[in-house]
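Visitor: I would like to go through this model with you. Could we begin once it is on the screen?

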Amino acid sequence: MDRSPTPGGSREIDVRLGRAWRDHHRYLLDVAFRVLGSISEAEDVVQEAYARLVRADLDEIGDVKGWLVVVVSRLAFDQLR
């Protein structure tokens, strides 16, 4: 995972992360809420999933929504334990 700065690279990543937030946030919040039953806990889980997405190599993720759904689901179920 090479995060060395490239011209426009950081901007492109910011745009992709912003698009992922805009396009998938509500759906992921719904998934987490259905598991946890608490909107505040669901929001925490979704924010943690996006924090992990920031640290991930976006070029290695073929389906960002699918990746986020898996991460949110696992985090929510882990929290239930």
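Visitor: What should I know about the model and its numbering?

Guide: This is a predicted model, in which local features need pLDDT of at least 70 and side-chain atom pairs count only at pLDDT 80 or more, while totals for chains, interfaces and linings use all residues. Residues are numbered from 1 along each chain as its sequence is written, and side-chain values use heavy atoms, with hydrogens and water left out.

Visitor: How many helices and strands does the protein chain have?

Guide: There are three helices and zero strands, and the pattern along the sequence is α-α-α. Helices (H or I, at least four residues) and strands (E, at least two) are DSSP runs, numbered from the N terminus.

Visitor: What share of the residues is buried?

Guide: Of the 81 residues in the protein chain, 33% are buried. Buried means under 20% relative accessible area, exposed over 50%, and partly exposed in between, with a 1.4 Å probe and protein chains only.

Visitor: And how much surface does the protein chain expose?

Guide: About 5500 Å², with carbon and sulfur atoms supplying 50% of it. Accessible areas come from the Shrake-Rupley method with a 1.4 Å probe, and for residues only the protein chains shown count as cover.

Visitor: Which residues have the most contacts inside the largest nonpolar core?

Guide: Those are Val45, Val46, Tyr50, Leu53 and Val72, in a core of 21 residues. Two or more core residues come from each of helix H1 (9-36), helix H2 (39-55) and helix H3 (64-80). H1 gives the largest share, seven residues. A nonpolar core is a set of buried Ala, Val, Leu, Ile, Met, Phe, Trp, Tyr and Cys residues joined through side-chain atoms within 4.5 Å.

Visitor: What does Tyr50 touch?

Guide: Leaving out residues up to four places away in sequence, Tyr50 touches Ala20, Trp21, His24, His25, Leu28 and Leu68. Contact means heavy atoms within 4.5 Å. Across the protein chain, 59% of the contacts with a separation of 6 or more are between residues 24 or more positions apart.

Visitor: Which residues of H3 are buried?

Guide: Leu68, Val71, Val72, Ser73, Leu75 and Ala76. H3 has 17 residues and reaches 24 Å from its first C-alpha to its last, close to the 24 Å expected at 1.5 Å a residue. The expected span is 1.5 Å times one less than the number of residues in the helix.

Visitor: What does the side chain of His25 make a polar contact with?

Guide: With the side chain of Glu43, at 3.1 Å. A polar contact is a pair of N or O atoms within 3.5 Å; within protein, one must be able to donate a hydrogen and the other to accept it, and residues adjacent in sequence count only if both atoms are side-chain atoms. His25 is also found in helix H1 and is buried, with a relative accessible area of 15%. Beyond four places in sequence, the contacts of His25 are Ala20, Glu43, Val46 and Tyr50.

Visitor: Let us turn to charges. How many salt bridges does a search of the whole structure find?

Guide: The search finds seven. A salt bridge is a side-chain nitrogen of Lys or Arg within 4 Å of a carboxyl oxygen of Asp or Glu. One of them joins the side chains of Asp59 and Arg16 (3.1 Å, N to O). Asp59 lies in the loop between H2 and H3 and Arg16 in helix H1, so this pair ties together parts that are 43 residues apart in sequence.

Visitor: Are those two exposed or buried?

Guide: Asp59 counts as exposed at 63% relative accessibility, and Arg16 as partly exposed at 25%.

Visitor: Where do Arg52 and Glu48 lie?

Guide: Both lie in helix H2, four residues apart, about one turn of the helix.
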